[in-house]
Structures are given as structure tokens and as C-alpha cells.
Amino acid sequence: MIKLVPLDTIDATLVETLLDSAFGPGRFQRTAYTIRGRSGSIAALSFAAVEDGILVGSIQCWPIALIGDDGEVPLVMLGPVAVEPAHQGDGIGRSLMTRALDAAATEHLDDALMLIGDPDYYGRFFDFTAERTGRWQAPGPVERHRLLARGRAVPDTGGMLGPRAPVAAQLTASA
Ligand SMILES: CC(C)(COP(=O)(O)OP(=O)(O)OC[C@H]1O[C@@H](n2cnc3c(N)ncnc32)[C@H](O)[C@@H]1OP(=O)(O)O)[C@@H](O)C(=O)NCCC(=O)NCCS
């Protein structure tokens with residue numbers, strides 16, 4: 001039986017191995033990694049799927065922002081979502097996404113969610129669309145139709161996606 005548990009209860013090395021098997025060794029070159037930067041994931045929105053004590057899936061969420069003419073608009077980036085190849089198609093990806101979205105709602109962090117992924121999956125099951133992302137830019141290559149968002153506060157303005165400025169940096173900048 002699959003159990004979902006907070007990701008920070010799992011050995012980080014095992015999570016990295018799972019991500020390697022789901023995305024391959026070139027994953028660090030992906031634009032999504034540049035957007036997230038070096039910030040830590042949001043623990044309350046990040047989960048692992050475990051079967052008989054074995055890690056079979058994970059989801060992480062990150063604090064990012066769209067930086068544009070209107071300043072920094074905070075967003076939560078979902079992903080990577082990864083399921084062990086042998087377990088793909090068993091509903092684990094959907095369970096992880098559902099848990100992360102429920103947690104985001106509970107934490108009042110579901111106003112402006114985004115991800116880079118297949119619209120056939122994230123649109124079909126979770127109502128993510130590219131309707132408001134047309135003017136967003138990314139710090140690397142991205143297929144526009146895979147730049148997806150969900151939530152009432154998703155900005156449809158132009159801007160560059162990137163890590164959210166740390167609070168300390170914001171305080172220094174405004175001092
Ligand atoms: C994409 C992924 C997370 C989906 O998780 P999963 O547990 O395999 O999928 P689920 O069992 O929840 O859902 C299965 C359904 O989604 C569909 N689906 C799975 N991946 C899909 C994709 N990339 N595009 C469109 N549909 C997809 C399946 O066809 C299936 O549809 P059905 O129910 O009509 O048969 C998983 O396959 C994975 O880890 N892939 C490699 C890493 C990756 O691409 N992650 C997503 C980008 S962050």
C-alpha cells in the first residue's frame with residue numbers, strides 16, 4: 001500500500017536518486033532548476049510516496065517569483081513530480097499532486113501556482129493552463145505551451161521567472 005509522508009522525513013540522497021531515474025542525469029541543466037535557484041523547497045508542500053518502506057515518488061514545491069515592471073510577484077512552483085518508472089501509471093503522480101495542492105490550500109499558498117509540464121497531464125487532471133503565462137520569460141529554454149499556472153492571483157503581466165529574493169536581501173535593498 002502506498003503512503004504519502006512529508007518529504008523531509010526521507011533521506012535526501014534517496015530523493016536525488018529517484019529524480020535521477022525519472023529525469024536522467026542532465027536534469028540540473030533544465031530551466032526549472034535555474035528558476036528555483038538555491039532556495040530550499042517548501043517543506044509543508046513537499047511529499048514522498050512510500051511503498052513498504054521504499055521511496056516510489058516525490059513532489060517538491062518552491063518559492064519563486066515573476067520579476068517584472070510591477071516588482072516581484074510571488075509564485076509557488078510545483079515540481080519536480082517524479083514517480084519510479086516501474087510504478088508510473090498507478091495513480092501515484094496524481095496522489096502526490098492532489099496532496100500538494102490540498103496542502104497549498106490549507107497553507108493559503110494556492111493563489112498563484114505554476115509549473116513546467118505537459119498540459120495534457122496537468123491541464124487534464126489539475127486545471128493548470130497557459131492562459132496567463134504568455135508574457136512570462138524564463139532564464140533558459142522553455143516550450144511556451146508547457147509554462148502552466150493556476151490560481152486567482154496568477155499575474156498575466158510580463159516578467160522574468162526566478163528565485164524569490166530572500167527577505168534579508170529585500171530589507172537591505174530598501175534600507
Ligand atoms: C509524469 C508523472 C509524474 C505522472 O505520474 P504517474 O504516477 O505515472 O501518473 P498517474 O498514474 O497519476 O496518471 C496516469 C495518467 O496520466 C497520463 N499521463 C502520464 N504522464 C503523462 C504525460 N506526460 N502527459 C500526458 N498524460 C500523462 C497517463 O496516460 C494516464 O492516463 P489514464 O489514466 O487515462 O490512463 C510520471 O510519469 C513521471 O515521473 N514521469 C517522469 C518525470 C516527469 O516527466 N515528471 C513531470 C514533470 S515535473
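Visitor: Which residues is Gln137 in contact with, leaving aside its neighbours within four places in sequence?

Guide: Gln137 is in contact with Gly159, Met160 and Leu161. Two residues are in contact if their C-beta atoms, placed from the backbone, lie within 7 Å. A word on the source: this is a predicted model, where local features need pLDDT of at least 70, side-chain atom pairs count only at pLDDT 80 or more, and totals for chains, interfaces and linings use all residues. Numbering runs from 1 along each chain as its sequence is written.

Visitor: Where does Gln137 lie, and why does it count as partly exposed?

Guide: Helices (H or I, at least four residues) and strands (E, at least two) are DSSP runs, numbered from the N terminus. Gln137 lies in strand S6, residues 136–137. For burial, count the other C-beta atoms, placed from the backbone, within 10 Å of a residue's own: 20 or more is buried, 12 or fewer is exposed, and in between is partly exposed. Gln137 counts as partly exposed because it has 15 C-beta neighbours inside 10 Å.

Visitor: How should I read the backbone, and which residues have a positive phi?

Guide: Most residues other than glycine have a negative phi, and most peptide bonds are trans. Here His108, in the loop between H3 and S5, has a positive phi of about 55°. Asp127, in the loop between H4 and S6, has a positive phi of about 65°. His108 is exposed because 7 other C-beta atoms lie within 10 Å, and Asp127 counts as exposed because it has 11 such neighbours. As for peptide bonds, the one from Gly79 to Pro80 is cis, with omega near 0°; Pro80 lies in strand S4.

Visitor: Which residues touch the most other members of the largest nonpolar core?

Guide: A nonpolar core is a set of buried Ala, Val, Leu, Ile, Met, Phe, Trp, Tyr and Cys residues joined through C-beta atoms within 7 Å. The largest one has 43 residues, and Val76, Met77 and Ala100 touch the most other members. Not counting residues up to four places away in sequence, Met77 touches Ile35, Arg36, Cys61, Trp62, Ile64, Met114 and Leu115.

Visitor: And the ligand: which residues come nearest?

Guide: A residue is near a molecule if its C-beta atom, placed from the backbone, lies within 6 Å of it. Of the 18 residues around the ligand, Gln88, Gly93, Arg94, Asp118 and Asp120 come nearest. S4 gives the largest share of the shell, 5 residues.
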